[in-house]
Amino acid sequence: MSVGDTIPVRINFLNTFARKTGMSDENYGFCPHCGENLKTDSVYCPACGAIIKPEEAKATIAASRPTSMGGTLLFSFVLLIIYTIVELMGSVSMLSFSPEMYDTLDQMFIESLGESFADWMYSNLGVVITKEQFLSETFIIGIVGLLSAVAAGVSAYFCYKRENRMYAVIACAASTLIAMSGAFLCPLLGGGISSAIFTLLVGGLVTFLIYRSDKYFAA
């Protein structure tokens, strides 16, 4: 009989000895793989990692898996995806807006409405803005929107993977704050304080919903 063959015999002897000597309160039995003394509730061997109680091990693994996406997390994920797509499209349009495009737009207003684009902005929105100001703020809004969309996309990615919940929360909060900055960086086209408050309310709500969706994320 080889040394390896004697291990099960020794383990059986040790287990019988443990039961007869009253070790069941704290330590009961030995690992069949390495002989380590085990506690009563041991599911895995602390020495070699062998599974001692297969059924309990399966239950532990199942309990550690996140719940499938739904409820508040699914709602937040859909909003983030929609926002990311819309904001990316809008940002690309803003960043590609050139002086020639402004002249074309201005000419269209004159031909269709009988007044320039700047005059229409003043008469209908009460905004006094020059061509240079419009192009400058359009560019800034494009940059802000692009950064906000990227942050929202990162948050949506972590929501989809259902990993690193706090990363998803931080990215969503960052997207909200970046979008809010556009209202202050571009006072003429950014929408002002009302736009900033609306962005804060919606972005804050989505951030809060992600934060409260811990049951959907892996532990």
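Which residues does Ile210 touch, not counting residues up to four places away in sequence?

## Ile210 and the model

Ile210 touches Ser76, Leu80, Ser155, Cys159, Arg165, Ala168, Val169, Cys172 and Phe217. Contact here means heavy atoms within 4.5 Å.

This is a predicted model, where local features need pLDDT of at least 70, side-chain atom pairs count only at pLDDT 80 or more, and totals for chains, interfaces and linings use all residues. Residues are numbered from 1 along each chain as its sequence is written, and side-chain values use heavy atoms, without hydrogens and water.

## Nonpolar cores

The largest nonpolar core has 14 residues. Such a core joins buried (under 20% relative accessible area, 1.4 Å probe, protein chains only) Ala, Val, Leu, Ile, Met, Phe, Trp, Tyr and Cys residues through side-chain atoms within 4.5 Å. Leu80, Cys159, Ala168, Ile210 and Phe217 touch the most other members. Two or more residues each come from H3, H6, helix H7 (165-185) and helix H8 (192-211). Helices are DSSP runs (H or I, at least four residues), numbered from the N terminus. H6 gives the largest share, 4 residues.

## Helix H3 against helix H6

The axes of H3 (residues 71-95) and H6 (residues 131-161) come within 8 Å and cross at roughly 155°. Axes are lines fitted to C-alpha atoms over the stretch in contact, with angles from 0 to 180 degrees between N-to-C directions. H3 is therefore roughly antiparallel to H6 (over 145 degrees).

Note on methods:
Parallel < 35°, antiparallel > 145°, perpendicular 65-115°, else oblique. Buried < 20%, exposed > 50% of the residue type's maximum accessible area, 1.4 Å probe, protein only.
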